[in-house]
Amino acid sequence: PTKGRNGKGTFMSYSKYWPVKDEATLGLMESISDFARDVILPKSKHNDETGEFPTDVVKQMAEMGMMGM
């Protein structure tokens with residue numbers, strides 16, 4: 001698998017093991033992976049250290065339709 005910043009495989013590198021291969025599902029998986037890498041990851045250390053809840057991130061997730069998946 002492709003290595004992520006932490007040296008482990010990235011989410012998308014494991015998509016080949018996902019049972020559904022249609023374009024819509026792969027596009028959704030890629031969008032979520034990009035969001036996690038670009039939005040969640042840069043803020044995660046700060047949120048972990050301060051205990052702050054990432055309200056802005058959750059709001060963006062809701063706007064993208066990711067809540068309740």
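**Notes on the model**

Analyst: Ser44 lies in helix α1; helices are DSSP runs of H or I with at least four residues, strands are E runs of at least two, and both are numbered from the N terminus. This is a predicted model, where local features need pLDDT of at least 70, side-chain atom pairs count only at pLDDT 80 or more, and totals for chains, interfaces and linings use all residues. Residues are numbered from 1 along each chain as its sequence is written, and side-chain values use heavy atoms, with hydrogens and water left out.

User: How far is Ser44 from Pro54 in space?

Analyst: The C-alpha to C-alpha distance is 8.7 Å, with the two residues ten apart in sequence.

User: Switching topic, how many helices and strands are there?

Analyst: The protein chain has two helices and zero strands.

User: At what angle do α1 and α2 cross?

Analyst: Roughly 165 degrees, with the axes of α1 (residues 23-50) and α2 (residues 55-63) coming within 10 Å. Axes are lines fitted to C-alpha atoms, for helices over the stretch in contact, and angles run from 0 to 180 degrees between N-to-C directions.

User: Which residues make the contact?

Analyst: Phe35, Val39, Ile40 and Lys43 of α1 meet Asp56, Val57, Gln60 and Met61 of α2 (contact means heavy atoms within 4.5 Å).

User: And what share of the 69 residues is buried?

Analyst: 13% of the protein chain's residues count as buried.

Notes: Buried < 20%, exposed > 50% of the residue type's maximum accessible area, 1.4 Å probe, protein only.
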